[in-house]
Each structure stands twice: as C-alpha cells, then as structure tokens.
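Student: I have a model open and would like to learn how to read it. Could you take me through a few features?

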Amino acid sequence: MATVLFSGGDVRDLHDAVAAEFAPHKLRVHRGDGAGGRLVRHWRGEVSVYELGWGADVDVVPGELPDLYSLQVPLTGTGLVTVDGHPLSTRLSIAGPGQHLAMSYGRGCVNHVLLISRQVVDEAVTARRGEPSDAAVRFDPSLDQDGDAMAAWLELARAYVRATGSGLFTRSPLAGRHHERLLVHGLLDLQPHDLVRASALGAAPAAAPAAVRRAVAFCAEHAHEPIMVADIARAARVGVPSLRQGFRTHLDTTPMAYLRRLRLDRVHHDLLAAARGGTEETVTQIALRWGFTHLGRFSQEYRRAYGRLPSQVRSGASGASG
C-alpha cells in the first residue's frame with residue numbers, strides 16, 4: 001500500500017526524504033520554498049514505484065546512478081531531463097547504472113518514478129543470451145511515447161502502479177514478481193539498447209532430455225515461488241531458447257505452460273484438502289497462493305482441466321457442471 005514519505009512546503013526537507021529513499025543528490029531551488037511538495041512510495045521491490053512532485057522550480061542532479069535504472073513517467077507539469085549532458089526531447093526517459101542524470105522541474109511538475117534494480121535487468125538479459133553480460137544494459141534515454149507498442153507498455157506500467165496500491169501483490173507475491181518481469185522484458189524488447197536482442201540470436205538447439213528433467217524437477221520444487229523462465233533455465237543449466245526448444249521437443253509444451261499446469265494441479269490438491277475439512281481456505285486464497293490472480297479466467301481454466309468449477313470442488317459437490 002502507498003506510504004507518504006513527505007508532504008509539505010519545505011523543499012529542503014523533501015530533498016532529505018528523496019536522498020534517503022533514492023540516492024544523494026544536489027538540489028537548487030530557484031524561487032525559495034514551494035508548496036505542496038510530495039513523495040509517495042507505492043511499492044518497493046525489484047521494480048519500485050514512487051510519485052514525486054517538488055512543488056517548486058528546482059534543478060535536481062543525482063549524479064552517476066548506482067545499480068538501478070531510473071524511469072521517469074510524467075504526470076503533470078513541465079520539465080527537462082538531461083542524461084550524460086544531453087537534454088532530452090521528452091521527460092519520459094530512462095537512465096541506468098553509470099549514467100549521469102539531471103532534471104529541471106517546474107512548480108507543478110509531478111512524475112511517477114520507477115526504480116528498476118540492475119539485478120532484474122541482468123537476469124532478463126542472461127535469459128535471452130544464455131550467459132550474463134559483463135556490463136549493465138544501456139538504454140537509449142528517450143522513450144517514444146507516440147508508438148503503439150510503447151503506449152501499450154506504459155499502460156502495463158500504469159496497471160502495475162494501480163496493482164501496487166490495491167494490495168494484490170501483498171496477497172500474491174507471485175503475481176507481483178511476474179508483473180515485474182513482464183515490465184522488464186517488454187522494456188528490453190521495445191526500447192533500443194546496446195546489447196543484441198534475443199530476437200536476433202537465431203534458432204537455438206533443443207535442450208537435452210537430462211536438462212528438461214532438471215527443469216521439471218525445479219518446477220516441482222519451486223512452484224510456490226515467483227519463478228520465471230530464466231530461473232528454470234538457470235536450474236537446467238541451459239539458455240532460455242534451448243530450454244523452450246527442449247520443452248517443445250520432449251514435452252510438447254512450453255516451460256511456463258508446464259509450470260502453470262503444475263500450479264493448477266497444486267490448486268486442485270488444496271481444494272480437495274479443503275473440501276475434506278483439512279483447511280478452511282477459500283477458493284480465492286488458494287488461487288492467489290499459486291499465482292492465479294484473474295479469478296474468472298482461473299475458474300474457466302480449472303473447469304477445462306477438471307470438469308468442475310473450483311467452487312464445486314471446494315464445497316464437495318460431485319458431478320460435472322452444466
């Protein structure tokens with residue numbers, strides 16, 4: 001849930017709050033203290049979400065960024081972002097480790113700030129390349145907000161912000177982890193950067209049966225955790241493209257489809273236990289624990305797999321549903 005870290009008119013106090021939460025930075029206030037400055041933390045994770053408005057005309061210079069990516073999504077007002085000394089044509093921007101970021105914001109300027117850990121980006125790159133990169137990914141700093149694909153990605157980011165405030169990710173950390181990875185992989189596909197894209201790597205050989213068995217065992221052991229295809233590939237000791245080809249060749253499915261069916265089986269097991277009186281958990285609680293957050297879609301998928309609605313299994317009703 002959202003946490004208000006600062007709200008008030010003292011820009012210097014807001015500066016201290018931002019420095020404590022983000023990183024040390026220099027601040028210049030153009031016309032004295034402002035009014036209505038605000039720092040809100042919506043979520044802290046691999047992709048943290050903040051809302052920040054200075055309430056004054058300011059220059060902010062964080063300097064060289066540490067091991068994180070700062071993605072600025074403008075909400076209101078005017079301002080200018082500069083990365084490595086180059087002014088950008090848009091405030092919709094991203095800067096990463098080793099880059100120098102500077103911002104000039106007007107009194108009414110408010111941004112969503114997404115702080116993306118370098119670790120989650122490195123994991124996504126490793127999944128695509130089959131091996132880690134020696135250096136941090138460096139994105140082109142200006143995002144094209146007019147493109148249809150980027151507009152869809154921004155809507156996904158806004159949905160992430162809304163979900164962080166809803167309590168969904170607290171109830172289902174698995175869903176939060178999935179959404180974080182979805183944002184990062186989408187960014188790697190849409191925003192130009194200095195590493196070779198996964199789509200340019202060409203076809204990969206199928207993983208050997210032994211690697212697929214390692215992947216299957218890993219899925220069985222960690223199905224309750226927010227794992228993604230990169231985690232499965234790492235456990236199988238192959239790259240993601242080879243893992244996907246191996247699952248298609250040997251199991252006629254994909255790694256994530258296999259994992260989803262495994263989790264559905266775990267839901268079924270827990271529903272049967274609840275029906276026998278072993279627990280008092282509801283269908284919703286069980287579904288969320290195994291990462292199923294869209295309950296309508298989950299019910300349809302469960303019915304296709306088991307011939308009954310999950311609510312019928314939970315209540316102990318017998319027979320196929322009409």
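Tutor: Gladly. Start with Ser315, which is exposed, its relative accessible area being 57%. Here buried means under 20% relative accessible area, exposed over 50%, and partly exposed in between (1.4 Å probe, protein chains only). Ser315 belongs to helix α12, residues 310-315. Helices (H or I, at least four residues) and strands (E, at least two) are DSSP runs, numbered from the N terminus.

Student: What should I keep in mind about the source?

Tutor: This is a predicted model, in which local features need pLDDT of at least 70, side-chain atom pairs count only at pLDDT 80 or more, and totals for chains, interfaces and linings use all residues. Residues are numbered from 1 along each chain as its sequence is written, and side-chain values use heavy atoms, with hydrogens and water left out.

Student: Why is helix α7 largely enclosed by the rest of the structure?

Tutor: Because six of the eight residues of α7 (residues 229-236) are buried. Among them are Val229, Asp231 and Ile232. Arg237 follows α7 and has a positive phi, near 65 degrees.

Student: Which partners does the side chain of Arg91 have, and is Arg91 buried or exposed?

Tutor: Arg91 is buried and has no salt bridge, meaning a side-chain nitrogen of Lys or Arg within 4 Å of a carboxyl oxygen of Asp or Glu. The nearest side chain of opposite charge, Glu51, is 11 Å away. Lys and Arg count as positive and Asp and Glu as negative, while His and the chain ends are not counted. The Arg91 side chain does make a polar contact with the side chain of Asn111, at 2.6 Å. A polar contact is a pair of N or O atoms within 3.5 Å; within protein, one must be able to donate a hydrogen and the other to accept it, and residues adjacent in sequence count only if both atoms are side-chain atoms. Also, a polar atom of the Arg91 side chain lies 3.5 Å from the backbone oxygen of Val110.

Student: How are pockets found?

Tutor: Rolling a probe the size of a water molecule over the atoms shows where empty space is left. On a 1 Å grid over the protein atoms alone, a pocket is an open set of points where a 1.4 Å probe fits, with protein on both sides within 12 Å along at least five of seven lines; lining residues have an atom within 4 Å of a point. The largest pocket has 28 lining residues, and those nearest its centre are His178, His179, Leu182, Met228 and Met256. Helix α5 gives the largest share of this lining, eight residues.
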